[in-house]
Amino acid sequence: MFELYNSTEFETKYTYTQMDLGAAWSAEKTDFRLWAPTADSVQVRLYKNGNADTQDLLETLDMTQDVHGTWIASKSGDLNGIYYTYLVQRDGTEVEACDPYARTTGVNGQRAMILDLNSTNPEGWENDKDPNYDKDITDAVIYELHVRDLSMSEHSGIQNKGKFLGLAETGTKNLEGLSTGLDYIKNLGVTHIHLLPVYDYGFTDESLPLPQYNWGYDPVNFNTPEGSFSTDPYHGEIRVAEMKQMIKTLHDNGLSVVMDVVYNHVYDGEAFCFNQIVPGYFSRINADGVWSDGSICGNDTASERNMVHKYIVDSVCYWADEYHIDGFRFDLVGLIDVKTINAITSEVHKKHPNVIFYGEGWDMPTELTKPCELTIQPNSPKTPAFSFFNDTIRDLLRGNIQKDTAPGYVAGAPTPKEVLNACFMGMPAWAANPYQCINYVSCHDNHTLFDRIALTAPEASVADRIRMNRLAAAFSILSQGVPFFHAGEEMLRTKPDGKGGFDENSYRAPDEVNQFCWENLGKPEYQKTIEYYRGLIAFRKAHDILRLKYRKDVFNCVEMIPCRDSQVVVYRVVGNAQDIFLIFNAGTESVSISLPEGNWNIMIQDDIAGTDALSTVNGSVDVTPISATVLTQEKA
Ligand code: CA
């Protein structure tokens with residue numbers, strides 16, 4: 001049967017291109033359209049409630065076969081708030097499935113809900129927009145956060161713990177009176193909050209009083225917010241309204257919102273509604289019935305098939321249009337074809353040129369249903385509106401991912417200068433241009449930066465480990481490309497595993513492992529490190545020559561200064577009004593570095609960073625052990 005889907009004849013006959021799949025509500029009627037080319041007959045079942053265990057069928061509507069494998073039905077009256085499923089008959093079997101185009105669902109995503117989307121809009125939504133709409137991707141500073149991590153601690157001062165609305169609370173403080181939550185993030189100076197999955201995912205039971213923690217890389221309904229983040233998962237409109245309220249509040253506070261999207265696989269390949277309705281069409285399954293598993297999650301999405309391609313493009317456009325999402329982070333985008341990614345970026349950019357796109361362009365083994373090119377790092381020239389996580393700079397600074405105890409540059413590992421230089425210039429071997437590099441030294445995956453440093457520098461003092469953390473931050477935030485960091489990196493976040501080690505994969509660890517420790521916020525080493533990150537971000541924002549988009553600009557502006565010390569690299573970035581001189585010293589001794597002619601203002605030194613000159617020097621400057629020194633010079 002899967003072979004049938006691969007034929008040109010099938011694709012030609014059954015490719016539907018219009019935008020009306022799903023349930024289109026109006027006050028007068030609701031129109032349904034479902035793509036189910038292999039079905040013998042289909043009905044819509046209408047229910048009073050969204051809980052799949054409730055016996056409350058209101059009515060069954062027969063659907064009529066229409067063009068290109070679609071089925072249609074219509075019902076007059078105002079159906080806002082009515083739940084529905086599709087009942088699909090095929091070869092004597094019958095399945096009941098949620099709508100792949102569901103706009104919201106009842107608890108745990110089993111029944112779709114018909115929704116008047118306008119009724120979920122917060123006040124002022126029509127004027128809401130990306131606060132950074134006029135900026136380039138290289139102007140972004142991205143902060144990667146799980147909704148629940150920010151608020152769960154009893155010391156967060158946040159009322160709506162673990163909820164979308166927890167991110168929309170301002171004025172929250174810990175017991176010492178220090179700002180937490182949204183105010184805290186805003187104060188860092190980051191521009192984009194990147195949220196770990198907020199679409200409906202499967203692991204977490206939304207009906208529990210305290211749902212289990214999960215990162216959410218297990219999609220169930222791609223076009224619906226996750227119910228456990230809403231204050232009422234039983235009423236579908238609430239999760240939509242609360243997610244929009246969160247986005248509106250973040251926008252009002254100057255923060256853009258990036259959504260983590262996981263189109264490369266689903267929670268359960270067999271049970272996924274699209275695969276229930278059109279068996280196996282959504283996934284890569286070979287002629288022997290073997291499911292491709294490049295995702296290591298049991299199934300890979302067949303993005304190269306026409307109606308999967310359309311589904312993913314429609315879904316991303318929907319989040320951008322309806323929820324005003326400002327950026328998309330694609331999980332394992334190396335499993336998705338280049339054509340689909342380019343269709344997404346061009347479609348979204350027609351209406352929202354501000355939206356940024358990036359993802360994990362790793363090369364994973366996947367069995368395609370037909371030949372196509374995949375969105376992997378070396379294909380960056382073919383996806384000009386899409387950027388990639390820069391694992392080159394990550395491994396360089398914190399150590400090779402394959403071995404937990406392998407030190408990186410900041411922990412004193414001998415490091416080839418040509419790799420440091422390429423990373424500082426935003427030009428690792430695979431990148432077409434600097435703007436396509438998402439530079440990072442920590443994300444939700446693997447150990448936190450501070451834990452990794454502890455593992456790779458076990459003999460170093462805590463003070464020296466903090467120096468290593470600062471050095472990694474300085475190098476990655478001041479390099480050409482787009483800075484990104486895991487929330488809490490700036491407060492030395494750690495994830496102890498309770499056994500004397502560290503949790504490197506806390507995807508379903510309890511809140512105690514994952515939550516922000518707001519009670520520690522006042523500790524001097526926390527405050528000092530947070531201030532340092534804030535200073536780095538402010539410095540980057542103040543200098544456009546640190547935010548170059550293209551290779552040719554970097555070649556014109558960035559100069560590598562020879563330095564004999566193997567653990568020291570020196571760069572000069574030449575601007576029209578100012579030059580910047582940067583020295584990174586991973587050695588455990590101070591070094592004296594000669595400066596080009598004239599007076600230089602020290603802006604970043606030892607444990608201080610910012611936009612105010614600390615002192616003025618000429619001739620040479622001393623750089624303390626394991627630290628960065630950055631100076632500027634005004635042009636005459
Ligand atoms: Ca869910």
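The legends below describe close-up views of a predicted model.

View 1. Four residues of the predicted model coordinate the calcium ion: Asp200 through OD, Tyr201 through O, Glu206 through OE and Glu226 through OE. The distances to these donors run from 2.2 to 2.4 Å. Along the chain, the donors of the calcium ion follow the spacing D-Y-x4-E-x19-E. Tyr201 belongs to strand β12, whereas Glu226 sits in the loop between β13 and α5 (236–252), so the pair ties together parts that are 25 residues apart in sequence. Tyr201 has a relative accessible area of 3% and is therefore buried. Glu226 is likewise buried, because its relative accessible area is 0%.

**View 2. Surroundings of Asn214.** Asn214 is part of the loop that connects β12 (199–201) with β13 (219–225). The relative accessible area of Asn214 is 4%, which means that this residue is buried. When neighbours within four places in sequence are set aside, the contacts of Asn214 are His146, Tyr201, Phe203, Thr204, Tyr507 and Arg508. One of these contacts, Tyr201, also gives its O atom to the calcium ion of View 1.

**View 3. The largest pocket.** The volume of the largest pocket is about 960 Å³. Its lining comprises 33 residues, of which Trp215, Ser295, Leu332, Asp445 and Asn505 are the closest to the centre of the pocket. Helix α9 (residues 391–398) gives the most to this lining, with three residues.

**View 4. The largest cavity.** Five cavities of 30 Å³ or more are present in the structure. The largest cavity contains about 100 Å³ of space. Its lining is formed by Leu21, Gly22, Arg33, Leu34, Trp35, Asp99, Pro100, Tyr101, Phe274, Ile277, Val278 and Met307. The elements that give two or more residues to this lining are β2 (29–35) and α6 (273–277). Strand β2 gives the most, with three residues.

**View 5. Helix α7 and the residue that follows.** Helix α7 covers residues 306–323, and its 18 residues should span 26 Å at 1.5 Å a residue. Helix α7 is mostly covered, as 16 of its 18 residues are buried. After α7 comes His324, whose phi is positive and near 60°.

View 6. Strand β20 (residues 558–561) and strand β21 (residues 568–574) run antiparallel and are joined by four bridges. Within this pairing, Glu559 has Arg572 of β21 as its bridge partner.

**View 7. Ile376 in a loop.** Ile376 is located in the loop between β16 (356–359) and β17 (387–390). This residue has a relative accessible area of 14%, and since the limit for a buried residue is under 20%, Ile376 counts as buried. Apart from neighbours within four places in sequence, Ile376 is in contact with Gly334, Gly361, Trp362, Asp363 and Phe388. Ile376 and Asp337 lie 39 residues apart in sequence, and their C-alpha atoms are 9.0 Å apart in space.

View 8. Asp606 is not a glycine, yet its phi is positive, at about 50°. The loop that holds Asp606 lies between β24 (600–605) and β25 (608–609). Asp606 is partly exposed, because its relative accessible area is 21%. Ile626, also a residue other than glycine, has a positive phi near 40°. Ile626 lies in the loop between β27 (620–623) and β28 (627–634). With a relative accessible area of 3%, Ile626 is buried, whereas Asp606 is partly exposed.

Key: Residues numbered from 1 in each chain as written. Predicted model: local features only at pLDDT ≥ 70, side-chain atom pairs only at ≥ 80, totals over all residues. Heavy atoms only, no water. Pairing = 2+ DSSP bridges. Buried < 20%, exposed > 50% of the residue type's maximum accessible area, 1.4 Å probe, protein only. Contact = heavy atoms within 4.5 Å. Expected span 1.5 Å × (residues − 1). Donors = N, O, S within 2.8 Å, 3.2 Å for Na, K, Ca; no water. 1 Å grid on protein atoms, 1.4 Å probe; cavity = no way out; pocket = protein on both sides within 12 Å on 5 of 7 lines; lining within 4 Å. Points joined across faces, edges and corners; volume = space filled by probe spheres on them.
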